[in-house]
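Subject: Structure handover

Hello,

Here is the structure I promised to pass on. Please open it before you read the notes below.

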Amino acid sequence: MNTNENKAVSPWSEAWHRLKDNRLAMFSLGYFVLIVLLCYLLPLLYPISPTDQSLSFGANPPLSKGIELRYDAEQEEFDEFITEKEFVELYSENGESDLERLVADQQTELSGMYFSRSDRIHLLGTDSHGRDLFARILQGGRVSLGVGFLATLVSLTIGVVYGSVSGYIGGRIDACMMRVVDVLYAIPFLIFVILLMVVFEASKHQLLLIFIAIGAVEWLTMARIVRGQVIHLKSQEFVDAARAIGVRPFTIIFRHLAPNTLGPVIVYATLLIPAVMLLESTLSFLGLGIQPPNASWGTLIKEGADKMTVYPWLLIIPSLFFSLTLFAMNFLGDGLRDALDVKSSKD
Amino acid sequence: MLRFFLIRLGQSIPTLLAIYTITFFMVRSAPGGPFSQERKVAPHIIEAQMEYYGFNDPVYVQYFRSLEQHLTFDFPPLTSYPGLTAGDIIGESFPVSLELGIWALLVALLFGIPTGVLAATKQNTAADYAPMSMAMLGICLPTFVIGPLLALFFGVWLGWFKVSGWFDLSDRILPALTLGLFYAAYVARLTRVGMLEVLGMDYVRTARAKGLPERIVVLKHALRGGVMPVVSFLGPALAGLVSGSFVVETIFQVPGLGRHFVQAALSRDHSLVLSTVLFYAALIILANVAVDAAQILLNPKLRKR
């Protein structure tokens, strides 16, 4: 290590150095930052709105361009937005040669109608409503990532509070509280979330509900981890000292104990984000999660799966985005675990 | 052994009761009953239906009546399938889900254990790295991505299998693969870790020192201890198989219980949701007891306790 031996190195910067050596984790971190920036910032620059539809254009593979059809050459807005295939089949007089002329001149006139090639390129193609897939993926990514972060935050809060209170109090109350966790563990998470989604049927606060429903089931493991940490910590001197000078239990738990569990909590939270995104997408895939017109990666994959026989790119491209993001989060979580692991840093 | 069984089963009763109570009140507090439809129905008809299904009684009456019905397996008629009871639905569709689950488990064990054993015996070679990276992929990829992609590739492009349905044996392959691949990956990793640990033990060295062929050492002596992590994983795996079946049965139109559960949730058939949740809970608890028993049978060290 090239850090100065005399200078005190904080555990966090030490962990950062270890993480930097893990190329897979750093690559994942880079990919993840890129995806977040793309989803949240690119829509400001990207010219096509995810809600722009054109039924006459319909579903087209990646990198396809459309043709604007105007009944009057001067007007700004086009009347129809059509595909090249449609142009050849429905409007052209000489078949392919008209299309070649159109491509060469960028515009042409045929029987009183004006055709011009649109300068919009649909980078990843369009869906069956003619909506731009890339714009929709960015929109869906915002929802999926947003759910991932916020639901993780919800479950983190519940888990840390529950686990540290249970661990600090101990005794019969602790046993009781952990028994509740065991009972909830017995039900598969997905069943529980589906139950919650059935109970809180509300269209307006749908997104909020998904955060709460997922957060409400995913806190269990967090609570166990935090409880274990707190039980280990509470017998240490600094807690005895705090108690001796009369610090109230509430303050001991949340000022002295909970912050010390941060390492494992961060690692688990990083691994929780992909798990939560997976749960949200599974729900949306089953039709119990995000409802249209809102979209998430789960609903996009569902739409793609329904139409995969005719428009395979609608399935493959969103699946790719989603899977790569899951991989990145998992690798990053593993890397953080190695970097922050207190045991491995002791020599 | 019998005592262990009875104690574990006894412990599961309060758990099941708690699950029943939680589920009952959750489902009961849901807004919008099964009769709130877009179509206007005359109020006296709704009233008659509410009376018929017993929704007008006080909540505690409904709570105990429903509890009694579940204890005696005498289920009430369903709102979303007139004339049928939850017992009918579960009895008809659960065997399908069970079959799917068994196929998936077979996929998981038949792919997973040999891969794990191979990777462990050839540790740190290409035969270790390649399958283990594949396993990492299998663990990260969600079921609802693998399923449609498999259907697209083998069903649509290659045309080997039907994309949906549950009629002949070839219809089992894609759903079983979709459901089983995740577990195959997981089992492979667990087997590798378990085998690596066991292969370093003294009794394996003794077996080698006796001059036994490597094949016998690995397959007969080491494997038995090496698959222990897999056996303890089977309990949690079952819970995962249940969740997975919701997705897989929806993708491939398999008429199993998972699809019925999702449909019941979508159509707000609260009593079917309640019965199905209870059924799943009981199933998972039973399976966990069975897995614990299997562990005791396989591991002589645990038997003494």
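Predicted model: local features only at pLDDT ≥ 70, side-chain atom pairs only at ≥ 80, totals over all residues.

Residues are numbered from 1 along each chain as its sequence is written, chains are lettered from A and ligands numbered from 1 in the order in which they are written, and side-chain values use heavy atoms, without hydrogens and water.

Chain A has 14 helices and four strands (DSSP runs: H or I of at least four residues for helices, E of at least two for strands, numbered from the N terminus). Of its 347 residues, 49% are buried (under 20% relative accessible area with a 1.4 Å probe, protein chains only; exposed is over 50%, partly exposed in between).

Now the rings. The whole structure holds 27 aromatic pairs over all chains (Phe, Tyr or Trp rings, the six-membered one for Trp, with centres within 6.5 Å; planes under 30 degrees apart are stacked, over 60 edge-to-face, the rest tilted). One of them is Phe24(B) with Tyr63(B), edge-to-face at 5.3 Å centre to centre and 80° between the planes. Phe24(B) lies in helix α1 and Tyr63(B) in helix α3 of chain B, so the pair ties together parts 39 residues apart in sequence. Both Phe24(B) and Tyr63(B) are buried.

Last, Leu37(A). This residue sits in helix α2 (residues 23-45) of chain A. Leu37(A) is partly exposed, at 43% relative accessible area.

Best wishes
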